[in-house]
Amino acid sequence: MQLYYHPLYSDLILPERHRFPIQKYKLLKTEIEKLGVSAIHFQEPKKATKSQLSLCHNQTYINNFLNGTLSNKAIKKMGFPYSNELVERTLLSVGASIQSSEHALKHGFSANLSGGYHHAYSDYGSGFCIFNDLAIAAAHLINTEQADTVLIFDCDVHQGDGTAQITQNHDQIITCSIHCEQNFPRNKQESTYDFALPAKTTDAEYLATLEQALDFCVRIHNPDIILYNAGADIYTKDELGLFDVSIDGVYKRDFFTLNFCKQHQIPLMCGLGGGYQRNLSSLINVHKQLFKAAIDL
């Protein structure tokens, strides 16, 4: 099991009380190591290139971000203070999703301990998302003829609005978003398939929707690979979530998705997605369900 990770994922310096839990990445890596599974290997990614970014993003936006010439309004919408470290971290995160996807195609499974930045639009960043790593990875696989059809299966509690906008003219990229109808973003975009569930959705309804959605997408589109946004913010105690899904429900979501792909022999790449709890140990435990599920297969 190859997992992509770089120390810079958590080395970004943010203002005190900043809402993004930047320390979760290195803490999760430590918790995965404590599982004591020798088959787990960590790989440091290479940075994404400008040509890879341009598969999904406007060249002016790319240049402004890389050169530090974004407007104050654009930086505020992005959600992170601008720094050279942010540029490096962003390029590494996107690169990791690209390389993880390529590894999954060859070996069946891989994960990026970052990733899932689905609010990034083609020409601006939003909601802690700068470049849309899963959309870029999908476009890269298609552009390099490694895949014909890619399914982005987004199970973050928030709709993958940026992903929907970026891929609207990419017929070979199928997008499926299972999200909370009342949650951010206020203005939803149109994915290939949207499953908008109400606030307070519990395990049974969520898992039934998940199973039907994944089965439907695979039967209709027969993807060569699935890129899975395994957001931890569906959990009932998530501070930006609004769902009432238990920790067992999170595990069952991840296990079903991983097992479904294994049974149907579909390569699967996982991105970490969102998760917002001030209690970092609790947050890490939610993210860890994905890796416990992978080990239990």
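Good morning. The largest pocket of this structure is lined by 21 residues, and those nearest its centre are His 119, Gly 127, Phe 128, His 158 and Tyr 276. The model is a predicted one, in which local features need pLDDT of at least 70, side-chain atom pairs count only at pLDDT 80 or more, and totals for chains, interfaces and linings use all residues. Residues are numbered from 1 along each chain as its sequence is written, and side-chain values use heavy atoms, with hydrogens and water left out.

Let me begin with the empty spaces. Rolling a probe the size of a water molecule over the atoms shows where empty space is left. On a 1 Å grid over the protein atoms alone, a cavity is a set of points where a 1.4 Å probe fits but cannot get out, whereas a pocket is an open set with protein on both sides within 12 Å along at least five of seven lines; lining residues have an atom within 4 Å of a point. Grid points are joined across faces, edges and corners, and a volume is the space filled by probe spheres set on the points.

The largest pocket holds about 270 Å³ of space. Its lining divides into 8 nonpolar, 10 polar and 3 charged residues. In this scheme Ala, Val, Leu, Ile, Met, Phe, Trp, Tyr, Cys and Pro count as nonpolar, Asp, Glu, Lys and Arg as charged, and the others, Gly among them, as polar.

The second largest pocket has a volume of about 230 Å³. It is lined by 15 residues, and Gly 108, Phe 109, Lys 262, Ala 294 and Leu 297 are the closest to its centre. Two or more lining residues come from each of α10 (247-263) and α11 (280-296); such helices (H or I, at least four residues) and strands (E, at least two) are DSSP runs, numbered from the N terminus. α10 gives the most to this lining, with 3 residues. By class, the lining has 12 nonpolar, 2 polar and 1 charged.

How many cavities of 30 Å³ or more does a search of the whole structure find? The search finds 2. The largest cavity has a volume of about 70 Å³, and Phe 128 is among the residues that line it, together with Phe 80, Tyr 117 and Cys 129. Its lining comprises 8 nonpolar, 2 polar and 1 charged residues.

The second largest cavity has a volume of about 40 Å³. Its lining includes Ala 232, Val 250, Asp 254 and Val 286, and α10 and α11 are the elements that give two or more residues to it. That lining divides into 6 nonpolar, 2 polar and 2 charged residues.

Val 250 deserves a moment. This residue is found in helix α10. Is Val 250 buried or exposed? Val 250 is buried, with a relative accessible area of 0%; buried means under 20% relative accessible area, exposed over 50%, and partly exposed in between (1.4 Å probe, protein chains only). Leaving aside residues up to four places away in sequence, Val 250 touches Ile 234, Tyr 235, Val 245, Val 286 and Gln 289, where contact means heavy atoms within 4.5 Å. The C-alpha atoms of Val 250 and Ala 232 are separated by 7.6 Å, although these residues are 18 residues apart along the chain.

Burial also marks helix α7 (residues 133-143), where 10 of its 11 residues are buried. Among them are Asp 133, Leu 134 and His 140. After α7 comes Glu 145, whose phi is positive, near 60°.

I turn now to the aromatic rings. The structure holds 17 aromatic pairs. Rings of Phe, Tyr and Trp (its six-membered ring) pair if their centres lie within 6.5 Å; planes under 30 degrees apart count as stacked, over 60 as edge-to-face and the rest as tilted. Phe 20 and Phe 128 are both buried.

Finally, Phe 20 and Phe 128 belong to one aromatic cluster with Tyr 5, Tyr 9, Tyr 25, Phe 80 and Tyr 276. Thank you for your attention.
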